[in-house]
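User: I'm new to this one and I'd like to know where the labels come from. Could you show it to me and then take my questions?

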Amino acid sequence: MSEENKIEFPGEVHPTDGGGILVTKLDDVINWARANSLWPLVFGTSCCAIEMMSAADAKYDWSRFGFEVARATPRQADLIIVAGTIVIKMAPVLKRLYDQMPEPKYVIAMGACTISGGPFFYNTYSVVKGVDHVIPVDVYIPGCPPRPEALLHAMITLQEKIKTEHTSFSKGVPSEKNQKLLKDE
Amino acid sequence: MNKEELKIAITEILPEITFDETGEFLNVFVPATSLLPFMNSIRSNNNFEMDYLFCLTCIDWKDHFMMVYHLHSKKHRHEFVVKAKLENRENPEIESLSGIWKTADFHEREVFDLFGINFLHHPDLRRIFMDDNWKGFPLRKDYMDENMIEI
């Protein structure tokens, strides 16, 4: 981890009488908040989901990094960890879940099946050959299944990615107003 | 009944039956045309009382299909496998057993979905796993579609 990432809060606090003055950038402070409270969607389709659950439990404890509030509804989730094989029948369901999540939203592709179809790449009639055919992916984790440490590493990588983002534009399709702004630029 | 006793008793019901004992179970080969009356008699016959159909599937042997039925009797605690060969690969068909064992209903829908076996007199023969608009039967050995990559 670089020296920059060790900074607890992005900004300077100048103590004054009766409180203090905070000097920071809006992008930095919004990204700091977003990166440290990513709420994953409860979503798992096969054995990778077991490792994901293990990463949530007391031994690996992803709540140390702000992931503890796993939501059972996509409307309250920021992050979807695609843990397991996605079959052709599941693909529209996954797309719909992703579409229902509010911006900004992030995707971690966990394991060989989600990256490429993995062991089901050849001679299969049912498996989607990579979840990025269905939804855009931010972080890929190889492994079959990856260990919980690998998942934690991917989540921290995602946090570092979020900290470099510009908050003024949404990550997905820009809104009409933002599209105009992008053209003007 | 043990395997030997079963063989004798089954031969009494249908003399043209052949056996294979190489596997875990006693395999009973029944001609496809006499499957339904044979199954009816082993279900109702007090010496057999095969009241539990615990597996129903199909095998594609490339030149023919083989229907496989695993049967168990909860009363007598004996079990054996009934197999029926389907020679016609273009239009494979066999009588449905859903009237004898209710569980055969969904299992036969699965076999129809993946192998394309036509079960005669089935109450509701349509796809169960695959999309309703799916073309072909994916577990047939000669199945291929545009998304598949062969190794």
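Analyst: Here are some labels and the values behind them.

Analyst: This is a predicted model, where local features need pLDDT of at least 70, side-chain atom pairs count only at pLDDT 80 or more, and totals for chains, interfaces and linings use all residues. Residues are numbered from 1 along each chain as its sequence is written, while chains are lettered from A and ligands numbered from 1 in the order in which they are written.

User: What does M39(B) touch, not counting residues up to four places away in sequence?

Analyst: L97(B) and I100(B), leaving out those sequence neighbours up to four places away. Contact here means that the C-beta atoms, placed from the backbone, lie within 7 Å.

User: And why is K62(B) called buried or exposed?

Analyst: K62(B) has 9 C-beta neighbours inside 10 Å, so K62(B) counts as exposed. K62(B) sits in the loop between strand 3 (52–60) and strand 4 (65–72) of chain B. Its phi is near 75 degrees, a positive value in a residue other than glycine. Most residues other than glycine have a negative phi.

User: What about R77(B), buried or exposed?

Analyst: R77(B) has 8 other C-beta atoms within 10 Å, so R77(B) is exposed. R77(B) lies in the loop between strand 4 and strand 5 (79–86) of chain B, and phi of R77(B) is near 55 degrees, positive in a residue other than glycine.

User: What makes a nonpolar core, and how many residues does the largest one have?

Analyst: A nonpolar core is a set of buried Ala, Val, Leu, Ile, Met, Phe, Trp, Tyr and Cys residues joined through C-beta atoms within 7 Å. The largest has 38 residues, and L79(A), I80(A), I81(A), V82(A), I108(A) and M110(A) have the most contacts inside it. Among the elements of chain A that give two or more residues to this core are strand 3 (79–83), strand 4 (106–110) and helix 5 (148–163). There's also a second, separate core of 27 residues, which includes L6(B), I10(B), V28(B) and F115(B).

User: How do you know whether helix 1 and helix 5 of chain A are roughly parallel or roughly antiparallel?

Analyst: Helix 1 (residues 26–35) and helix 5 of chain A pack at about 160 degrees, with axes 8 Å apart. Axes are lines fitted to C-alpha atoms, for helices over the stretch in contact, and angles run from 0 to 180 degrees between N-to-C directions. Angles under 35 degrees count as roughly parallel, over 145 as roughly antiparallel, 65 to 115 as roughly perpendicular and the rest as oblique. Therefore helix 1 and helix 5 of chain A are roughly antiparallel to each other.

User: Which residues meet there?

Analyst: N31(A), R34(A) and A35(A) in helix 1 of chain A meet Q159(A), I162(A) and K163(A) in helix 5 of chain A.

Methods: A residue is buried if 20 or more other C-beta atoms lie within 10 Å of its own, exposed if 12 or fewer, and partly exposed in between; C-beta atoms are placed from the backbone. Helices (H or I, at least four residues) and strands (E, at least two) are DSSP runs, numbered from the N terminus. Two residues are in contact if their C-beta atoms, placed from the backbone, lie within 7 Å.
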